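Please read this briefing with the sequence and the structure side by side.

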Amino acid sequence: MIAFLIRRLIGAFLVLVAVSFITYLIFIKIPGGDPAARIAGRTATDANIADIRQKLNLDDPFYLQYWGMMKSLFTADLVSYSSQLNVVDQIVSGIPATFSLCIGAAIIWLFFGTLVGVVSAVYAGRTSDRVITVLALIGLSLPVFWLGLVMRYLFAQDHPFRFLPDGGYVPLTTNPWEWFTHLLMPWGALAVLFIGFYGRVLRSNILDTINEDYVRTAKAKGLPYRHVLIKHVLRNSMIPIVTLFGLDFAAVLGGAAILTETVFDLKGVGWYAAQSVGDLDLPPIMAVTIYATFFIVIFSVIVDLLYAWLDPRIRPT
Amino acid sequence: MATDSSTDFTLDSAAALAADERGEIEGKSPWVLAWRRLRRNYVALGFLLLFVIIVVLCAFAGTYASQVAHTGPNDNHLGETFTRDGKQVPVVSKGGFTTGGGFVAGGIPVGPQLWHAGGRYVFGADNQGRDVAVRLLYGGRNSLKVGIGSAIFCTVFALLTALLAAYYGGWVDWLISRVYDLIWAFPVLLLAIALGTALSINGFHHLGINLAAGSLWIPTGVIAFVLIPYVGRPLRGQILSLREKEFVEAATAQGASSVRVMIGELLPNIASSVLVLFTLIIASNIITEAGLSFLGAGVQPPNPSWGTLIADGQSRIVTAPWLAIIPGIAIVLTVLSLNVFGDGLRDALDPRAKVRVER
């Protein structure tokens, strides 16, 4: 187990290096024009450009350029030149909003995704299964930002039946109730997509597992159906869901909820990246991309360990 | 060979069926069988029809603009009026006090007219006085171009790399799989935003390809690139298991070249999966494009797309909700039609079709 862990950690480290190198290529090498001028943004002065050139070692060979980018990201002296604000500080200040959004939404989508999957698998082929399948497909087809806009229009604008506050984020420590009501719509919007997706994946997993020999044996032993379903079928069908969930959760924590955060004006990590897109301000996007990818890589190690714990067959020896 | 359907003991029901229909047994390829299953799935076919209608409507955006709406997608009609049921109505309200003593807020565009204005402003106007229906069709054209174009690039590239990786194995497989892993490690939307934004400043000028900053090819290429592992990985897995089958061995033993084995033996066997993945990836690409354009990292103005239309309407969701809601409905209908059809296609092509389980 220790050897497996060490091997997995070394692998993860190599992926991190490769991924950050790709980020370097995306921002410094691939686009045309002078990288320093591009990174400095629209309102840059010559001094800004010279500063970037020096900080990111842009006059040096590529490995020193890469090193300069990583150093400025991890020593927290990367500055967004359109706002003159420190990028790492801005990301850190966005973390509470992002985490509140993602953890709440994840609870909702896991719960309802499992419910939807189990119900439609147990009633496979019947009307309730068909209705759920259609709803799940509609959920998968909704662009999350559009759903958010429509929700805001319906529930938060100046209507007689307005009952939710319109966007923004209130810290949990300031006012828990306000925190909750402000997050209800974003949670719902973000969860809808995943509920549809998880429900469908779980449904087909359950239908695959339900025909296995050990399930028939369990039924033949006379175990109650509910017991077979939960202990034998669901436990095995949930394994792929664990992998899926680990990666999706890491991605949204890392800022992949960028559209939800933007639509609901939740000032989180993704919102910060989205603001920079409009200003063509590259350092924040660069930092958020690396930050998100690090989350995903680290979570994938955790998922692998969890996987090994859930499924003895793939437990490393 | 004709079968006498009056024979008392026909055990072969397929033969009996054939006898009823045409009086002879024909060899049926898996494609014919799949088509027979699909033909009975009216829901899937209905949604395919819906998708075709949307594509055709968007293809005739120019005709609609010149013949029905009499305006282009970027024509500004601020301060103009149009005839509605014989009365003159301003395209964008001027604001101020009316003669009756009421107050009208300024700058509010006219709402959906449907057919009351003789084909003008069917879905209303935006704050520049531009015709939303015209922009919707032109935007749809761009969204579909990017969605379908990137799906083609993505599928072709993923298919090629998956074939090479699974056929040759060894270091080729290692290299291609690691490239998939690396792209996979990025969150799709963030990687697309990073690439889209970085390339929207000065365009792309490498490998002999020169793309200007506002080119539609940039979002197309970006979306195709970020989704490669999502298509390539499942394909590679399938080819890997086919690779061990006897028919590949037989072909190799007969002296077939590697290209021949890949194209003649492996490709036909994964064609159905490719087709299903292709349908579903168009749907996901259209959503990704909309998200990218909504954030300003996809299709660049003045080119409209469904995503930029929603972004434009976002700030006017209270006074002019149709601006954001109508393009969204267009996206949902298009993506839903592809998802439902793709699902039906998979059911028809997948002979295992475990989906319908009897308990």
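Helices (H or I, at least four residues) and strands (E, at least two) are DSSP runs, numbered from the N terminus. By that count, chain A has 13 helices and 2 strands, and chain B has 12 helices and 6 strands. This is a predicted model, in which local features need pLDDT of at least 70 and side-chain atom pairs count only at pLDDT 80 or more, while totals for chains, interfaces and linings use all residues. Residues are numbered from 1 along each chain as its sequence is written, and chains are lettered from A and ligands numbered from 1 in the order in which they are written.

**Burial and contacts in each chain**

- A residue is buried if 20 or more other C-beta atoms lie within 10 Å of its own, exposed if 12 or fewer, and partly exposed in between, with C-beta atoms placed from the backbone.
- Of the 317 residues in chain A, 41% are buried; of the 359 residues in chain B, 43% are buried.
- Two residues are in contact if their C-beta atoms, placed from the backbone, lie within 7 Å.
- Taking contacts between residues at least 6 apart in sequence, 70% in chain A join residues at least 24 apart, and the figure for chain B is 64%.

**The core**

- A nonpolar core is a set of buried Ala, Val, Leu, Ile, Met, Phe, Trp, Tyr and Cys residues joined through C-beta atoms within 7 Å.
- The largest such core has 166 residues, and A:Val288 and B:Ile193 have the most contacts inside it.
- Apart from neighbours within four places in sequence, B:Ile193 touches A:Ala273, A:Val277, A:Ile285, B:Leu292, B:Leu295 and B:Ala297.

**Where the chains meet**

- The contact involves 48 residues of chain A and 44 residues of chain B.
- On the chain B side, helix 7 gives the largest share, 11 residues.
- That side has 32 nonpolar, 10 polar and 2 charged residues (Ala, Val, Leu, Ile, Met, Phe, Trp, Tyr, Cys and Pro count as nonpolar, Asp, Glu, Lys and Arg as charged, and the others, Gly among them, as polar).

**Helix packing in chain B**

- Axes are lines fitted to C-alpha atoms, for helices over the stretch in contact, and angles run from 0 to 180 degrees between N-to-C directions.
- Helix 5 (residues 132–168) and helix 6 (residues 170–185) of chain B pack at about 140 degrees, with axes 7 Å apart.
- Helix 5 and helix 6 of chain B are therefore oblique to each other (angles under 35 degrees count as roughly parallel, over 145 as roughly antiparallel, 65 to 115 as roughly perpendicular and the rest as oblique).
- Helix 5 and helix 12 of chain B pack at about 35 degrees, with axes 11 Å apart.
- The contact of helix 5 with helix 12 of chain B has 7 nonpolar, 2 polar and no charged residues.

**Helix 11 of chain B**

- Helix 11 of chain B is largely enclosed by the rest of the structure, because 8 of its 9 residues are buried.
- Its buried residues, among them B:Trp306 and B:Leu309, pack against helix 7 (144–156) of chain A and helix 5, helix 10 and helix 12 of chain B.

**A residue with positive phi**

- A:Asp265 is not a glycine, yet has a positive phi of about 55 degrees.
- A:Asp265 lies in the loop between helix 11 (258–263) and helix 12 (269–279) of chain A.
- A:Asp265 counts as partly exposed because it has 15 C-beta neighbours inside 10 Å.
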